[in-house]
Amino acid sequence: MEDFLWFKDITKDFGATRAVDNVSLTVRRGEIFSLLGPSGCGKTTLLRMLAGFEAPDTGRIILENQDITDLPPNLRRVNTIFQNYALFPHMTVRENIAFGLKVAKKPKAIIAAEVDRMLAMIQMQDHADKRPAQISGGQKQRVAIARALVLKPNVLLLDEPLAALDRKLRQKMLLELSLIHDEVGITFIYVTHDQGEAMSISDRIAVMNNGRIEQIGTPAEIYEAPKSSFVAAFIGDTNFFDGRITEVLDPEYCRISVPDLPDMLCFNDKKLAKGDLVHLSIRPEKFQISLDPPHAGVKYNVLRGVVEDIIYQGDHTRYWVNVGEDWRISISRQHTRFMLDEKPINWHDTVFISWFADDGFMLERYSEKDEELLPTPPQTVGESDAPLEDESDEQDTEAENRP
Amino acid sequence: MLKKSRIPGILTWLTLLFFYFPIVLLVINSFNVTRTGGSWGGFTLRWYRDLFGAREIWNALRNTLVVAFTATGASTIIGTTAAIALHRYKGRLQNAHYGLIYTPLVVPEILLGISLLLFFVALKIELGLATVTIAHITFCTSYVTMAVLSRLQDFDLTILEAARDLGANTWTTTWKVLIPVISPGIIAGALLAFTLSLDDFVISFFVAGPGSTTLPIHIYSMIRRGSMPLINALSTILLAITFLAILAYQMINKKRTGQ
Amino acid sequence: MNSNKRRLWGEWLLTAPSFIWLTLFFLLPTLIIFAISFKPSDPLGGVGPGWTLRTLLSLRNPNYPEIIWRTAVLSITTTVVCIALAIPIAYYIARCKAWKRDLVLFLTIIPFWTSFLIRIFAWKGVLHPDGLLKQALVFCNLISPDTLLLYRPGTVLLVMIYTELPFAILPLYAAAEKFDFSLIEAAMDLGAGRLRAFCSVFIPGISSGLLSACLMVLIPSIGSYVVPDVVGGIGSEMIGNVIAQKTFVDRNLPAASAMAALMTLSMLIPLLFFLRGNKGKNQEPKPAREVV
């Protein structure tokens with residue numbers, strides 16, 4: 001896939017707040033590219049600059065070799081799906097879809113044919129003459145998509161398109177969106193604060209925080225190899241340990257001492273030296289938990305702890321285990337086997353937890369701000385306290401509570 | 001479930017009785033042969049006949065309608081642009097603008113009347129239908145602006161961005177999307193302006209000159225002169241019109257929201 | 001930069017008509033009230049040349065303190081009575097069944113839109129010496145045949161309440177409609193009595209409407225002129241009547257202007273008081289007409 005959309009050194013201030021801070025990124029033709037981050041991280045601002053509703057203070061936006069930075073929105077071949085769909089309430093579904101073509105003064109016959117084609121694609125032929133107030137949320141969503149796609153844009157922008165839908169419908173629409181993407185093949189830029197949505201639909205994701213891009217990569221890269229503690233904490237849950245390297249073992253591994261805990265063996269991907277301070281992140285699902293001591297291999301770490309809290313969630317159970325004075329570890333255990341056959345782990349049981357040395361990854365030290373993103377029982381991932389960039393970002397924090 | 005208190009209900013219906021007792025009495029008396037209305041002297045349509053024969057009333061009605069239509073038209077345009085400006089832009093200019101729009105709504109009519117009268121006298125402008133119309137446009141503008149503004153605030157105006165996004169320029173966006181969407185507010189504002197202009201007495205009384213008597217001014221002079229049965233008849237007609245207008249407006253509204 | 005310029009131009013284009021119109025025909029005339037208070041009158045009913053303090057000194061008329069006091073008492077009483085009646089009414093309308101609510105609202109809106117001259121005049125018919133009410137009261141031996149019902153301060157108060165009450169009900173209803181009535185149940189669940197729940201949950205809950213209602217009744221009441229003029233007599237004049245008398249009878253515009261300036265200033269007291277009370281809510285009391 002070739003690159004065809006560039007943001008170059010984009011900065012935007014709102015009053016004293018820097019909404020977007022020197023962002024550069026490249027989008028490839030035909031991919032679904034997500035901008036993911038907590039509210040106020042600048043993702044919506046970036047999208048609105050691409051659509052033409054905001055002008056960057058500095059920097060350029062280039063689409064297919066054309067500098068579109070100063071082009072008004074109506075002259076850009078970029079269309080948007082708004083969070084609340086923004087369907088025209090005084091027009092029928094058909095008139096809504098035809099609007100852009102009418103404005104472009106296309107011949108009547110072509111408009112009719114194109115609109116019919118779109119109605120067929122979104123399977124709304126039977127509702128063509130209804131008004132937006134008479135159709136459901138999911139249907140509105142599809143009309144909004146059709147209204148934008150009928151203009152054959154170079155890029156389709158989706159601003160939290162599923163935030164206004166309930167959870168079940170969100171899953172369905174997510175699938176539908178990716179089917180539509182396969183069908184039309186144009187580039188989607190998808191803004192969301194919901195990491196689950198971003199992970200499941202995107203080819204690549206840019207994780208944003210405080211107006212800057214923290215990391216760009218495929219969903220797997222971002223989850224498995226986060227470049228910063230912010231990314232590690234924002235995408236999924238994680239456990240952080242602060243420590244110091246006490247010993248570098250053969251080229252690959254090192255030993256880390258963490259206050260109050262036994263030394264830990266860890267894969268030394270950053271090639272750090274003895275004495276360096278590190279910040280170790282281990283995902284909850286990487287741990288094994290058992291009542292009996294595990295048959296651990298050489299590259300395993302084992303800790304003993306007391307179960308503090310248990311939340312049963314059907315497909316998995318979340319345990320909070322106290323190890324040492326100040327350390328509470330979050331562990332998630334998938335129920336791959338029939339659970340009731342096993343001897344259950346109960347509150348206040350002493351348990352063993354173990355993990356493979358390669359499953360931890362080292363990061364730079366996290367800032368105070370990131371502290372809020374750490375998991376705390378009962379499993380909420382707090383939002384960043386960055387200033388709000390707009391209301392659309394505020395909705396649906398509960399969507400982030402996923403293991 | 002706790003039983004609801006009956007006091008608010010009783011109070012409400014007693015108040016409605018209080019509202020309608022004088023009005024109903026007035027309507028009945030308009031068909032009463034007896035002049036002062038203390039007792040029932042028999043049914044008559046005489047007062048209505050006299051009313052239709054009174055030339056000044058038709059003149060006053062004509063003046064009232066001329067003023068009302070002009071003031072409604074002008075204030076609807078001025079008020080709508082004002083509301084759009086207030087909604088679209090923020091800043092010091094719009095704060096001052098809002099102050100100018102809002103204050104006339106909380107100033108007693110008599111102050112608006114006397115101040116305009118002094119203004120016209122100071123500028124040596126002759127009092128007449130024109131001054132009455134100017135006065136009416138002034139207070140109607142504020143009401144229209146508020147009606148349109150509340151409609152604008154109720155609406156998710158991302159649709160304006162959506163229209164721009166779909167290729168419409170500012171002009172098309174305004175006429176094809178903004179105006180149709182806020183048209184109920186504009187219509188409500190215009191109706192409000194029309195009714196206020198028809199009803200206004202105090203302000204008109206101050207700025208009217210010879211030959212620019214409006215219907216409310218005429219009614220006032222009839223009240224002063226004491227030709228009670230004629231006013232009863234006129235009031236009944238006006239009441240009927242008000243009643244029908246509100247009924248029609250509510251029906252239309254209900255039909256629209258019911259869909 | 002170009003787009004910024006265009007934006008500014010657009011703002012001016014949309015703002016200018018109303019801004020200029022209201023500056024010319026509202027702001028300037030209001031300021032003129034104060035200017036003309038320093039002008040002498042001229043015998044032809046116009047404004048004389050030069051400047052003088054005599055006009056302002058004419059406010060020291062020995063009758064005025066009484067008139068000002070009466071205006072204050074009547075308008076405050078009207079406001080208090082209207083609000084006291086309107087709160088339970090708004091509560092009732094907001095809580096009753098849909099069809100009943102529509103009916104009561106409809107019946108409240110009609111007097112609201114009826115010309116207030118007609119509504120005042122209707123009382124003249126009721127209170128007329130030969131009118132029905134008088135006869136009924138005499139028949140019940142409540143008053144003697146030579147008692148006058150019209151032309152008394154009490155009559156003025158009654159009719160003022162009558163004309164202003166819809167202006168109190170509608171903003172309060174608009175606020176009550178948005179009120180979450182499960183809060184009252186919650187308060188009673190927590191042990192509050194019915195009256196206690198009403199006073200400490202419902203009334204604070206509609207405070208924004210309360211504020212509009214107060215303002216919408218108080219300010220026109222201070223400015224009343226037609227009510228005392230039609231149903232009041234000597235001894236029930238208010239400030240508005242003085243302004244009208246100076247304008248239409250004495251043809252002394254500067255004196256009328258001085259009185260109007262006094263009224264404007266007295267209006268500022270409740271207005272500032274309310275705006276202070278409303279600070280932080282970021283919402284002005286809405287004119288009643290607009291609520292409907």
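## A charged pair in chain A

Asp116(A) counts as partly exposed, at 39% relative accessibility (buried means under 20% relative accessible area, exposed over 50% and partly exposed in between, with a 1.4 Å probe and protein chains only). Asp116(A) forms a salt bridge with Arg94(A), their closest N and O atoms being 3.1 Å apart; a salt bridge is a side-chain nitrogen of Lys or Arg within 4 Å of a carboxyl oxygen of Asp or Glu. This pair links distant parts of the chain, with Asp116(A) in helix α3 and Arg94(A) in helix α2 (residues 93–103), 22 residues apart. Helices (H or I, at least four residues) and strands (E, at least two) are DSSP runs, numbered from the N terminus. Arg94(A) is partly exposed too, at 31%.

## Reading this model

This is a predicted model, in which local features need pLDDT of at least 70 and side-chain atom pairs count only at pLDDT 80 or more, while totals for chains, interfaces and linings use all residues. Residues are numbered from 1 along each chain as its sequence is written, chains are lettered from A and ligands numbered from 1 in the order in which they are written, and side-chain values use heavy atoms, leaving out hydrogens and water.

How many salt bridges does the structure hold over all chains? There are 28. One of them joins the side chains of Arg29(A) and Glu2(A), at 2.7 Å from N to O. Here Arg29(A) sits in the loop between β2 (17–28) and β3 (32–36), and Glu2(A) in the segment before β1 (3–14), 27 residues apart. Arg29(A) is partly exposed at 34%, and Glu2(A) is partly exposed at 46%.

In another salt bridge, Arg60(A) meets Asp70(A) at 3.3 Å, N to O. Arg60(A) belongs to strand β4 (residues 58–63), while Asp70(A) lies in the loop between β5 (66–67) and β6 (78–81). Arg60(A) is partly exposed at 35%, whereas Asp70(A) is exposed at 64%.

## Chains and domains

Domain bounds come from an automatic or database domain assignment. Chain A is divided into domain 1 (3–229) and domain 2 (237–380), with C-alpha centres 38 Å apart. Chain B has domain 1 (56–213) and domain 2 (227–259), and their C-alpha centres lie 23 Å apart.

No contact joins chain A and chain C, and their closest C-alpha atoms lie 9 Å apart.

## Inside chain C

Chain C has 14 helices and 0 strands, and buried residues make up 52% of its 292 residues. Helix α10 (residues 207–222) of chain C reaches 22 Å from its first C-alpha to its last, close to the 22 Å expected; the expected span is 1.5 Å times one less than the number of residues in the helix. Of the 16 residues of α10(C), 13 are buried, so this helix is largely enclosed by the rest of the structure.

## Two buried residues

Pro132(A) lies in the loop between α3 (108–121) and α4 (137–149) of chain A, and is buried at 7% relative accessible area. Leaving aside neighbours within four places in sequence, Pro132(A) is in contact with several residues, including Phe88(A) and Lys140(A).

Is Ser204(B) buried or exposed? Ser204(B), in helix α9 (residues 202–207) of chain B, counts as buried at 0% relative accessibility. Not counting residues up to four places away in sequence, Ser204(B) touches Val132(B), His136(B), Thr214(B) and Ile217(B).

Terms used
Contact means heavy atoms within 4.5 Å.
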